[in-house]
Amino acid sequence: MVADGDTVAMEGFTHLIPHAAGHEFIRQGLRDLTLIRMTPDIIYDQLIGVGAVKKLVFSWGGNPGVGSLHRFRDAIEHGWPQPIEIFEHTHASMAAAWVAGASRLPFGVLREAPGSDLERENRSIRSVECPFTGESLSAVAAHRPDVTIIHAQRADANGNVQLWGIVGVQKEAVLAADRVIVTVEEIVARIERVAGDVLVPAEVIDVVCHVPGGAHPSYAQGYSRRDNGFYRAWDAISRDRARFTAWIDEHVRGTATMGELLERLGKTP
Amino acid sequence: MSDASPVEVMTVVAARAMRNGQWCFVGIGLPSAAANLARSLHAPDLVLVYESGTIDSKPEVLPLSIGDGELAETARLVVSVPEMFAYWLQAGRMDVGLLGAAQVDRFANLNTTVIGEYASPRTRLPGAGGAPAIAATAREIIVVAKHSPRTFVASLDFRTTIGHLDGGASRERAGLPGRGPVRVITDLGVLEPDPETRELLLTAVHPGVDVETVMSATAWPLRTASKVTTTPPVEPHELQALRHVQDRTLLAHS
């Protein structure tokens with residue numbers, strides 16, 4: 001489903017980040033990926049650190065509440081393990097690019113940043129004039145990834161997928177992609193609706209995989225809590241190249257599933 | 001209370017700037033601490049909005065990330081990220097946005113992207129996130145940052161978020177609807193834009209801080225307002241409330 005050189009989006013705004021899928025990329029040794037994600041988070045820090053990434057499209061690259069993403073920084077500041085190309089957005093332009101992609105429109109529109117240096121650096125954001133009022137607005141090229149991967153709480157036997165809590169841009173990222181993979185906490189016979197949930201119909205999803213705990217150290221509301229301790233611990237693990245690589249070897253390359261990885265971390269899936 | 005640290009003073013002063021009932025867009029870290037402190041003091045009905053999509057969250061502890069589960073569980077409503085940025089932020093429904101920054105210039109433009117050259121930065125920072133949209137469209141912006149010449153710089157290494165652009169009426173001419181930064185609160189004092197030139201002026205110093213100290217912590221020749229006041233001291237109940245929420249937070253995230 002995913003090949004070297006593909007453009008891949010693994011979305012989930014702090015919540016429901018598909019970490020297990022990212023680990024599988026590392027185990028399979030995928031290379032030259034263009035990765036799209038609003039907040040690279042630990043999942044892309046790991047993929048950058050193992051050298052799987054050619055280009056990164058993002059809007060905020062930190063370890064939320066902790067500080068830096070050290071593998072992301074090392075790649076940009078020192079080209080380790082290889083230089084990466086970056087294509088940088090704001091959250092608003094990323095959100096608009098996702099809506100445009102889901103709508104199969106060439107661009108989205110936003111009111112944001114005339115005069116910012118981002119406009120100079122990101123060729124996919126251009127100034128446009130409103131044909132009705134003459135106002136100056138920003139246009140952003142649509143995101144159209146080859147593959148989108150998300151993690152969700154539940155799927156039913158027919159492959160319909162349900163997520164709730166902070167639902168981020170997942171629905172848009174799914175609808176913008178050519179191929180879609182969803183990992184879920186639970187597969188149920190029939191989905192019971194939850195207030196504020198998003199239901200993604202089976203027809204727009206290619207594959208559903210049952211991966212309990214597949215978002216760790218992110219979380220799945222109703223199933224797990226965000227492992228803030230791990231986000232803190234990642235700061236020290238990822239700061240040093242050798243320690244990072246040893247961690248990946250032991251916990252990702254040295255395991256076959258998220259279940260095994262969680263066991264090794266002393267967490268119950 | 002005299003034993004409040006400079007950062008605690010800054011947090012309390014930022015909290016005091018929040019008015020009850022306002023819709024407040026909250027950045028993570030110090031802005032979030034200040035907004036939640038305001039909720040526990042004079043502004044119980046402050047509506048906290050986090051960019052993850054949670055509106056009117058009422059967390060018991062300070063979230064580590066803007067997407068902690070407690071923000072969603074205690075929110076009046078949770079919306080998708082595209083809805084948050086289009087319907088709520090860019091539509092201009094925020095009364096106030098509280099933002100931090102790595103660099104601030106004399107027109108309160110902000111850098112959160114890089115230190116050094118963009119193509120080969122000395123320090124790569126997280127980037128823009130939601131700040132440009134907030135700064136463009138919230139009715140007003142309050143910036144919170146620790147004062148040092150490395151932060152309050154003569155020229156930004158990267159202009160991530162527009163404050164008063166090049167000063168004067170340049171912000172309005174650029175078509176940005178909000179008023180932009182109305183106050184910059186630091187650990188030493190308070191800066192506010194001159195009504196005409198929009199250059200930041202020193203309008204207040206915190207208790208025990210003299211004007212020269214603020215000047216030497218600012219890399220451009222900082223001008224003072226015609227009258228520089230002294231911030232009312234941090235009250236014992238304010239400090240107690242701040243430490244209380246921080247203690248609860250430490251316990252919850254440990």
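Reader: How many residues does the contact take from chain B and from chain A?
Author: In this predicted model, the two chains meet in a contact to which both contribute residues. Chain B gives 39 residues and chain A gives 45 residues.

Reader: Which elements give two or more residues to the side of chain B that touches chain A?
Author: By class, this side of chain B has 19 nonpolar, 16 polar and 4 charged residues. The elements of chain B that supply two or more residues to it are helix 3 (69-73), helix 4 (81-90), strand 9 (121-124) and helix 5 (131-137).

Reader: Is W88(B) buried or exposed?
Author: W88(B) belongs to helix 4 of chain B, and, once its neighbours within four places in sequence are left aside, it is in contact with V49(B), E83(B) and R93(B). The class follows from a count of C-beta atoms inside 10 Å, for which 20 or more is the cut-off. Because W88(B) has 21 such neighbours, it counts as buried.

Reader: What distance separates the C-alpha atoms of W88(B) and S148(B)?
Author: Along the chain, W88(B) and S148(B) are 60 residues apart.

Reader: What is the radius of gyration of chain B, and what does the globule rule give for 254 residues?
Author: Chain B holds 8 helices and 14 strands, and its C-alpha atoms fill a box of roughly 45 × 45 × 35 Å along the principal axes. Of its 254 residues, 56% count as buried, and among contacts with a separation of 6 or more, 67% come from residues 24 or more positions apart. The radius of gyration is close to what the globule rule gives, so chain B is as compact as a globular protein of that length: the two values are 18 Å and 18 Å.

Reader: In what order do the 3 strands of the open sheet in chain A lie?
Author: The pairing in this sheet is antiparallel, and the edge strands, each of which pairs on one side only, are strand 7 (107-110) and strand 8 (125-129) of chain A. From one strand to the next, the twist averages 35°. The order of the strands in chain A is 7-9-8.

Reader: Which residue in strand 9 of chain A stands opposite S127(A)?
Author: Strand 8 and strand 9 (residues 136-141) of chain A run antiparallel and are joined by 5 bridges. In strand 9 of chain A, the residue opposite S127(A) is S138(A).

Reader: Which helix of chain A packs on the sheet?
Author: The helix touches strand 7, strand 8 and strand 9 of chain A, and its direction makes about 140° with that of strand 7 of chain A. This is helix 4 (residues 91-102) of chain A.

Technical notes
Residues numbered from 1 in each chain as written. Chains lettered and ligands numbered in written order. Predicted model: local features only at pLDDT ≥ 70, side-chain atom pairs only at ≥ 80, totals over all residues. Contact = placed C-beta atoms within 7 Å. Helix = DSSP H or I, 4+ residues; strand = E, 2+ residues; numbered from the N terminus. Nonpolar A, V, L, I, M, F, W, Y, C, P; charged D, E, K, R; others polar. Buried ≥ 20, exposed ≤ 12 C-beta atoms within 10 Å, placed from the backbone. Rg over C-alpha atoms; globule rule 2.2 N^0.38 Å. Pairing = 2+ DSSP bridges. Axes fitted to C-alpha atoms, helices over the stretch in contact; angles between N-to-C directions.
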